[in-house]
Amino acid sequence: MIQWAPYAFVRLALALAAGILTYLYIGNTLPPLVFPVLGLMLLYCGLQLWLGRRAAPALLDALGLMALLTVYAAGLALTQQATESRADNHLQRFGSRIEFYRAVVDDYTVTRPATYATTVRVSAVRVAGQWRAAIGGIRVSVPRDSGVAAPQYGDVWLVRGAPAPSKPPLNPGEFDYRRYLEYHQVYHQQFIHPDQYLKMGVELPSRWQALGMKTARVLDGVFRQYVHAKREYALASALVLGIKDEVDQQTRQAYANTGTTHIMAVSGLQVGLLFAAVTWLLGLLPGRRGRLFQFGTAALGLAVIWSYALLTGLSASVLRAAVMFTFIILARAWGRQSNMFNTLALAAFVLLCYNPFLLVDVGFQLSFLAVLSIVYLQPRIVRWLDVQGWFIDRQRPWQPKTVQKFWRANGWFWDKVWQATALSLAAQVATLPLSLHYFHQFPLSFLASNLIAVPISSAAVYVGLGLLVLKGLVAALGLLLPAVAAWLDVLPQGVGWLFEKMIWCFNEYIFGVGHLMPGALLTEIHLSAPQTWLLFAWIVVMLVFFAIRQLGWLVLAFCLACGLAGSKVWAARQLAPDKQLIIYSIPRRSVVGFWEGAAADIVMADSLPLSETERTYRIVPGSIQREARRVLYYQGWPAAPVPTRRLDANTLLVWRGLRVALVAGKVARAQAPSPVDVIVLRRNARVWPEQLVAAFGTGAPVVFDSSCKSWYVARQDSILQAAGFRTYDVTMRGAFVVAPRQ
């Protein structure tokens, strides 16, 4: 008989997750699954009723395996049903035939330097003069022109024109934003000009979410009023309310470099702190602890936690914490013991049934893995050292009471420090593979950062929440007693001052760690998906070995480590002879990359340096993917190690046998064509097909780089194709990659 683990929802959650992952990889090839899965469920229920009274171990094992198979199939069916693009009236079915569409703003509005960005959900489209029901999400951007109001949740729009399918990654290794949007059931994007849409009214998709958004903005105004420094206000709002619009890039990078990004955003930490505060306050209430009292306090605790979750946007990590604490509160109210592994798995099971695509949410993955690792590993790491016992052993009966109190206080303090250290170490163990896979870096300073940052930020959360409560009480008293309103405001001003100073200390410490330990950040680490699974498997096998101390598990761990190292060596060996010339797709820029194995020369043909954002998001991901050892940047051709020849506004270069003509102006007449391998048109070059034919022939493809305007590409593309040229637009199709001839 199979000895099942005592954690029922652990195996059920794993089976459900396996079904979701299977659909994500091969879902497009599967037929409709709803009715087959319903049939499988009915079959299982029938067998359960029939075999329930029979104690044959083999039959019970088979029934248990069938239950897991049923849950696995349910994961497939749930994900299939949650995929909007399968619907017959999805936007993809109408393509470019859409003349108008009606949609409602269904997300927070992100304020960018030049645009507002949000998501709208379509309810109807007009095709060939007729309105038809439709569904689908569109990620829209609206310019921040004077007089253009920011989109508000629930705004109903009438939009002219058809949205475009979301673009795939435009450069090698670039973040796949299209896949990210698809996981959120958004398959289209559109830049909407102010004269292209009309607000028709307001229809709130969710009144609760609208209330949460409105309340969050009101509370954000409290922080804006009492926290005066811009940097501290931005972090205060992010820390307590999850509003990160005002956090600057420098601050984001500082927190990422020190491994404290999880503190800057609302996550399970804040929900846990609120849960602890609510539990403590409810414990102070007088009276008998009967069943009615337990249910009343449970209802109050649930209301507080879910109100805060709604207020902060219901992110994946907040949902995980809210659902998990919900089950803990309910278990306590019913007088049941709750196992943390089962509770965590139950929370994951419920959330994945609600939205299967949460499984691929980075916050969801990191949140569950961190908590799972903390629950399992922290007690074991704490047992490595008996810190409090060591200090107790220093006490002697003849010592003065003051000395004995000193030893006890030191034992208590350093025991708390050791427990916090164990917690931070435990959280890093399970999240290490995902951190390397998604973020390509690992901060060695995470221990020094979190030991101080977590206590300060936890205290700051309590002070920030206290400020909000105090401001609410003062505002209510001010309405009743207007004469003393100004005097009462002194109280929130004092708490706001303390809150700002705590945030300032927190910020200064994080920036200080970054300055004092600049080499503690390991960067540009690339782990492919199979390598990430190998690293996960190695960690699990090592944990099993330390738990049961059997040599076979250590041998398996050694084999997995060899497999991981071998895959890295094989990838490097495959890459070494690879050479590529890349015309990058970077808006309004002309950038050419010359790659040889793990080395590259990146040349800005317009002689303007790349901004940090352009370099980080457009170039660096490809460098990490190739595990580049040397990447040099050059402003213009004179300093670049590539042979070039200037012809007025044009440049002819030769690299590893490739001849490339970069055309930015008129092409000089030539007695005979000089064949090239690639023609790159830059800066809306005013050239005609016959000029290109006379200078370079018709054998080379013509590439429009990102410095060319869309109207120019649209006009020239048809003209050049009619003349026999092959064309390529990097703005629409992504970077142009060509390999030298052997």
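These are my notebook entries on a predicted model.

**Overall make-up.** I started with the secondary structure and found 24 helices and 22 strands in the protein. I then took the extent of the C-alpha trace, which spans about 105 × 80 × 70 Å along its principal axes. Of the 742 residues, 44% are buried. I looked at contacts with a separation of 6 or more, and residues 24 or more positions apart account for 68% of them.

**Surface and charge.** I counted 67 positive and 39 negative side chains. The centres of the two sets lie 6 Å apart.

**Helix α16.** I checked the length of α16, which covers residues 446-480. Its 35 residues should span 51 Å at 1.5 Å a residue, and the end C-alpha atoms are 49 Å apart, so the two values agree. I also looked for a bend. α16 bends by about 30 degrees at A453. A proline, P455, follows within four residues.

**Positive phi.** Most residues other than glycine have a negative phi. A128 has a phi of about 55 degrees and is not a glycine. A128 sits in the loop between β3 (115-127) and β4 (130-133). Its relative accessibility is 66%, over the 50% cut-off, so I list A128 as exposed.

R656 is not a glycine either, and its phi is about 50 degrees. I placed R656 in the loop between β17 (650-655) and β18 (658-663). Its relative accessibility is 47%, so R656 goes down as partly exposed.

Definitions and conventions:
Residues are numbered from 1 along each chain as its sequence is written. Side-chain values use heavy atoms; hydrogens and water are left out. Helices (H or I, at least four residues) and strands (E, at least two) are DSSP runs, numbered from the N terminus. Buried means under 20% relative accessible area, exposed over 50%, partly exposed in between (1.4 Å probe, protein chains only). Contact means heavy atoms within 4.5 Å. Lys and Arg count as positive and Asp and Glu as negative; His and the chain ends are not counted. The place of a charge is taken as NZ of Lys, CZ of Arg, CG of Asp or CD of Glu. The expected span of a helix is 1.5 Å times one less than its number of residues. The bend at a residue is the angle between axes fitted to the seven residues ending there and the seven starting there.
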